[in-house]
Amino acid sequence: MSTTSGPLTRRRMLTGALGLGGAIALGACGSGSGSVPGQAPQTVGGGGGATGYSGPKVSLAFWNGFTGGDGPFMKKLVDQFNAEHANIAVSMNTMQWADYYTKLPAAVTSGKGPDIGIMHVDSVATNAARKVIQPLDDVATALKMSEADFAPVPWKAGIYNDQRYAIPLDVHPLGFFYNKAVMEQAGLDPEKPPTNADEYGAALDAMKAKGIQGHWASPFPFTGGLTVQALIYQFGGSLFNEEGTQVLWGEEPAVKAMTWFQDLVKNGHSAAKIAQDADLIALENGKTAFNWNGIWTINTLGAKTGLEWGVAPLPNIGGTPAAWAGSHQFVLPTQRTPDENKAIASRVFLNWISTKSLEWAKAGQVPVRNSVRESAEFKALTDQAALASQIDDLRFPPTVAGIGDAMPEFDKALNLAINGGQDPAKVLADAAARATKILEANAKKYGG
């Protein structure tokens, strides 16, 4: 996810993180039905990259969607890798995420795909099912990577149909950002942001008494949808069952979550019918105090001269510690004509970046490699470290092909509840019914 780019760029990048990339990839690959057999990994010798690469010089194409403030951080790492590996030359091709998810399947089909790619965690299963990316069990084995080396949630999320298709690089969780000056205006302690429902409600009421709308509720997927999803988990619910065969956002936890968010508008804590990104802009301009937003916002706010702000883990509103998160994961696109030298060199690059992900954390990410995240150097990045404390409470959708196709129905319910003032229970139940049909159709399409 980008960090210091403008709102439009952040929205474009989020299309991948919200699962739309999977649908785009499917369209580019063509339809299919029936069972998709397990895909055998493209055999790699030479220790699978675990012992480095000593073959002839190779050039590797690395595609990603880091078009915002995170791009220069990754480019710096690529340049450093190239400087340290005389026989491997990695070239980075960056494009908007929506373009990436369209171009990658087409390039793989034509035999012109890149050697290395980055994929959002909720696009992995769809692209694995379409054989756009190859299994990586041999990579994890050869490089001696195991769950003990990584945060468990993103590590497990790279597995589809009992095969590993992705190696996690980071997580980018939702965090709680607050304007300290606005809190002071309401007589609140700017160094003690609320941590639970009672404290949050009291803070909102204190601000309302001073004529301040404390938390603007966005009716858009970014950031309203992410906020409500986090709340659903906090109220003990989920978006889907573990198998990805049932939609659960029509149930009581989701109704409580959407109602809490809708009440921000009804009770005067939020302006009504706000524009895209207006919630964060209002915080920057001192018109509101609280905003639930992605970790990339650290760099966005850090660039605002004179702004007094802080960041903390999400307040626990529903009783269960939980937060929405996305994750960038390394993938190796399927090659029509495998090249063993390139395959080994690609694995060397993947492993090297993983071990050097402290620099990537500065882009507004949480490294998932434990040795990096638990280092003193990362803990010195106090804002990122604050959100890293949520690492065991993060939630991803199930690793099921086409799961993201259902999410636009959730987004419709959000808009009807927040902008339209409609009954949360009804709009969520209606959206769940429509989304269930989508899951059923995808199960047939992908052989689920």
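Analyst: We can begin with a term: a residue is called buried when its relative accessible area is under 20%, exposed when it is over 50%, and partly exposed in between, using a 1.4 Å probe and protein chains only. This is a predicted model, so local features are described only where pLDDT is at least 70 and side-chain atom pairs only at 80 or more, while totals for chains, interfaces and linings use all residues. Residues are numbered from 1 along each chain as its sequence is written, and side-chain values use heavy atoms, leaving out hydrogens and water.

User: OK, so is Asp-162 buried or exposed?

Analyst: Asp-162 counts as exposed, because its relative accessibility is 76%. Asp-162 sits in the loop between strand 4 and strand 5, and its phi is positive, near 65 degrees, although the residue is not a glycine.

User: And which loop holds Asn-161?

Analyst: Asn-161 lies in the loop that runs between strand 4 (159-160) and strand 5 (163-164). Asn-161 is not a glycine either, yet its phi is positive at about 50 degrees, and Asn-161 counts as exposed because its relative accessibility is 52%.

User: You keep mentioning strands. How many helices and strands does the chain have?

Analyst: The chain has 20 helices and 13 strands, where helices (H or I, at least four residues) and strands (E, at least two) are DSSP runs numbered from the N terminus.

User: What share of the chain is buried?

Analyst: Of the 448 residues in the chain, 58% count as buried. Another overall figure concerns contacts, meaning heavy atoms within 4.5 Å: among contacts between residues at least 6 apart in sequence, 80% join residues at least 24 apart.

User: Can we look at one helix, say helix 9? What span should it have?

Analyst: Helix 9 covers residues 197-209, and its 13 residues should span 18 Å at 1.5 Å a residue, which agrees with its end C-alpha atoms being 18 Å apart. The expected span here is 1.5 Å times one less than the number of residues in the helix.

User: Which residues in helix 9 are buried?

Analyst: Tyr-200, Ala-203, Leu-204 and Met-207 are the buried residues of helix 9. Seen down the axis of helix 9, these buried residues fall within an arc of 100 degrees, so they line one face of the helix, with the arc taken from the directions that lead from the helix axis to the C-beta atoms. On the other side of helix 9, Asp-198 and Ala-209 are exposed.

User: Switching to helix 10, how many of its residues are buried?

Analyst: Helix 10 is mostly covered, with 13 of its 14 residues buried. Helix 10 takes in residues 221-234 and reaches 18 Å from its first C-alpha to its last, which is close to the 20 Å expected at 1.5 Å a residue.

User: Where is the cis peptide bond?

Analyst: The cis peptide bond joins Phe-222 and Thr-223, with omega at about 15 degrees, and Thr-223 is found in helix 10. Helix 10 is followed by Gly-236, whose phi is positive and near 90 degrees.

User: Which glycine follows helix 20?

Analyst: Gly-447 follows helix 20, and its phi is also positive, near 80 degrees. Helix 20 itself covers residues 424-446, and its 23 residues should span 33 Å at 1.5 Å a residue, which agrees with end C-alpha atoms that are 32 Å apart. The buried residues of helix 20 include Val-427, Leu-428, Ala-431, Leu-439 and Tyr-446.
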